[in-house]
Amino acid sequence: LLFFIFNLFYMFALYYFTINFKPLFKFSFISLISLVCLYVLPLKNQFTAEVDFINVGQGDSCLIRKGNTAVLIDTGGSIYQDIATECLIPYFKNKRIYDIDLLITTHDDFDHVGALESLKNNFTVKNIISNKESFPISINNINFYNYNTYFSSSSNENEQSLVIGFSLVNLDFLIMGDAPISIERKIMQDYHNIPCDIIKIGHHGSDTSSSNEFIRFLSPKEAIISVGVNNYGHPKESVLTILKNNRVKIRETLKEGSIVYSS
């Protein structure tokens, strides 16, 4: 639509310039400049918010934006391509995002943080958080909570995965990282209720996460499975069955591409 309006004013400006009708030429020219500024500057971002589960293949990356504040949870990572330069940075620029205010890494698996170094080298990342002691975190009135405080340095990598909850666009989100069923059980023991409309399913739909008890406990409306072509059998049929039996809508980045919730 913006492209059509731009061309319309361009033709008007060209026509009125040709016939030397200065009043309408000036109006058309000023309108053209205004449209260019509207396109180039992130003016629309000031009044909107969104949560994007970015399609990074077999990995995880979630963008949270409110106004011109941008938070990224995980970067994805691939041995076949540079996810930062080939996927994330073009995605950010298309969204008129020119820096990341906060980057949260859930844990150190390559498919979650493999693009981190390249992203830092090629894009402005103001702050990086990876430890459980930093939570809760508040930025531009978005509050981020970590529900996995049970691990130690001797825990395996997936047990150390942060479990991040936050609210935006009138929805409650829960990002499970790669947290396994053992962590899900401990969370259920310590919390009577965790608000969750949208859950990013743990470990790309592996049957090591997303127990039936945990999905029933959360009662989410939709489940995001961040997954690409893989040899692991993700998402597992048993996990899909659990979600279907609990009437949770299933959404996969492999099938839909990047999945966006906005207001």
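**Salt bridges**

A: Lys255 and Glu252 are joined by a salt bridge, with 3.7 Å between their closest N and O atoms. The model is a predicted one. Lys255 is exposed, at 68% relative accessible area, whereas Glu252 is buried, at 7%.

As background, side chains of opposite charge can pair when their charged atoms come close. In this structure there are 11 salt bridges.

One of them joins Asp60 and Lys200, at 2.6 Å from N to O. This pair links distant parts of the chain: Asp60 is in the loop between strand S1 (49-53) and strand S2 (62-66), while Lys200 is in strand S10 (residues 198-200), 140 residues apart. Under 20% relative accessible area counts as buried. Asp60, with 3%, is therefore buried, and Lys200, with 2%, is buried as well.

Another salt bridge is formed by Asp101 and Lys126, whose closest N and O atoms are 3.3 Å apart. Asp101 has 16% relative accessibility and counts as buried; Lys126, at 53%, counts as exposed.

Salt bridges can also be linked to one another. Glu50, Asp52, Arg65 and Lys95 form a network of them.

Methods: Residues numbered from 1 in each chain as written. Predicted model: local features only at pLDDT ≥ 70, side-chain atom pairs only at ≥ 80, totals over all residues. Heavy atoms only, no water. Salt bridge = Lys/Arg side-chain N within 4 Å of Asp/Glu carboxyl O. Helix = DSSP H or I, 4+ residues; strand = E, 2+ residues; numbered from the N terminus. Buried < 20%, exposed > 50% of the residue type's maximum accessible area, 1.4 Å probe, protein only.
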